[in-house]
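This report walks through one protein model, feature by feature. Keep the sequence and the structure open while reading.

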Amino acid sequence: MPLFVTAIRAEVEIDAPIEKVWAVLRDIPGYAAWNPFTPRIDTNLELGTPVILHVAMKPGKPLLVQKETMSQYEEGRLMAWGDVMGAAPLLKFERVQELTPLSSARTRYVTEDVFSGLLVPLVMGLYRSHIQRGFSATAEALKVRVEKG
């Protein structure tokens, strides 16, 4: 059987130093104040530990609660979490949020979720537009939050 792979991505350039952007991104309890897609995350940011996401997948619907695992963490630059469903695997996904300094006063934020497995066509058919909307909204909201202080 073929293994399907696809990615959903959003990025934005923020007029602020990387340290300022990271401070907002790393402040997980503060997400409710600015993050429209994932207003609540329960995690300690340690590799291998649970990440409980409360996601506004569809506007006007209850938050979707999803348990994933912290898969990457580089202080000041990157955090990622994901999950694997089934042994085939039926579905594997990892969301990476990464910062890159463009200058001493400008930073690029990228959020990307890579999906692979047999269920990718089904998941993309059901959720792709919602995930893309959420990622784009998160990137723009992070920019506004950081730039307005």
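In which strand is the place of methionine 70? Methionine 70 sits in strand E4. The model is a predicted one.

Methionine 70 has a relative accessibility of 2%. Buried means under 20%, so methionine 70 counts as buried.

Tryptophan 81 is 11 residues away from methionine 70 in sequence. In space, the two C-alpha atoms are 4.3 Å apart.

## The largest pocket

The largest pocket has a volume of about 390 Å³. It is lined by 22 residues. Closest to the centre are Met57, Gln66, Phe93, Phe115 and Ile131.

Several elements each supply at least two lining residues: strands E3 (50-55), E4 (64-74), E5 (78-85), E6 (91-103) and E7 (106-117), and helix H2 (120-148). H2 gives the most, with six residues. By class, the lining of the largest pocket has 17 nonpolar, two polar and three charged residues.

## A nonpolar surface patch

Met85, Leu90, Leu119, Leu122, Leu126 and Tyr127 form a nonpolar patch on the surface. Together they have about 490 Å² of accessible area. H2 provides the largest share of this patch, three residues.

Leucine 126 is located in helix H2. Is leucine 126 buried or partly exposed? Its relative accessibility is 47%.

## Leucine 45: a positive phi

Most residues other than glycine have a negative phi. Leucine 45 is not a glycine, yet its phi is positive, about 65°.

Where is the place of leucine 45? It is in the loop between strand E2 (40-42) and E3. With 8% relative accessibility, leucine 45 counts as buried.

## Salt bridges

Side chains of opposite charge can pair when their charged atoms come close. The structure holds 11 salt bridges.

Glutamate 98 pairs with arginine 77, and their closest N and O atoms are 2.2 Å apart.

## A helix pair and a network

Glutamate 147 forms a salt bridge with lysine 143, with 2.8 Å between the closest N and O atoms. Both residues lie in helix H2. They are four residues apart, about one turn of the helix. Which side of the 20% cut-off does each partner fall on? Glutamate 147 has a relative accessible area of 32%, so it is partly exposed. Lysine 143 has 19%, so it is buried.

Salt bridges that share partners also build one network, joining Arg9, Glu11, Glu13, Asp15, Arg106, Arg108 and Glu112. Glutamate 11 and arginine 9 form a salt bridge, and their closest N and O atoms are 2.8 Å apart. Glutamate 11 is partly exposed, with a relative accessible area of 40%. Arginine 9 is partly exposed too, with a relative accessible area of 40%.

Technical notes: Residues numbered from 1 in each chain as written. Predicted model: local features only at pLDDT ≥ 70, side-chain atom pairs only at ≥ 80, totals over all residues. Heavy atoms only, no water. 1 Å grid on protein atoms, 1.4 Å probe; cavity = no way out; pocket = protein on both sides within 12 Å on 5 of 7 lines; lining within 4 Å. Points joined across faces, edges and corners; volume = space filled by probe spheres on them. Nonpolar A, V, L, I, M, F, W, Y, C, P; charged D, E, K, R; others polar. Patch = residues over 30% accessible without salt bridge, like charges linked within 9 Å, V, L, I, M, F, W, Y side chains within 5 Å. Areas by Shrake-Rupley, 256 points an atom, 1.4 Å probe, with all protein chains shown as cover. Salt bridge = Lys/Arg side-chain N within 4 Å of Asp/Glu carboxyl O. Buried < 20%, exposed > 50% of the residue type's maximum accessible area, 1.4 Å probe, protein only.
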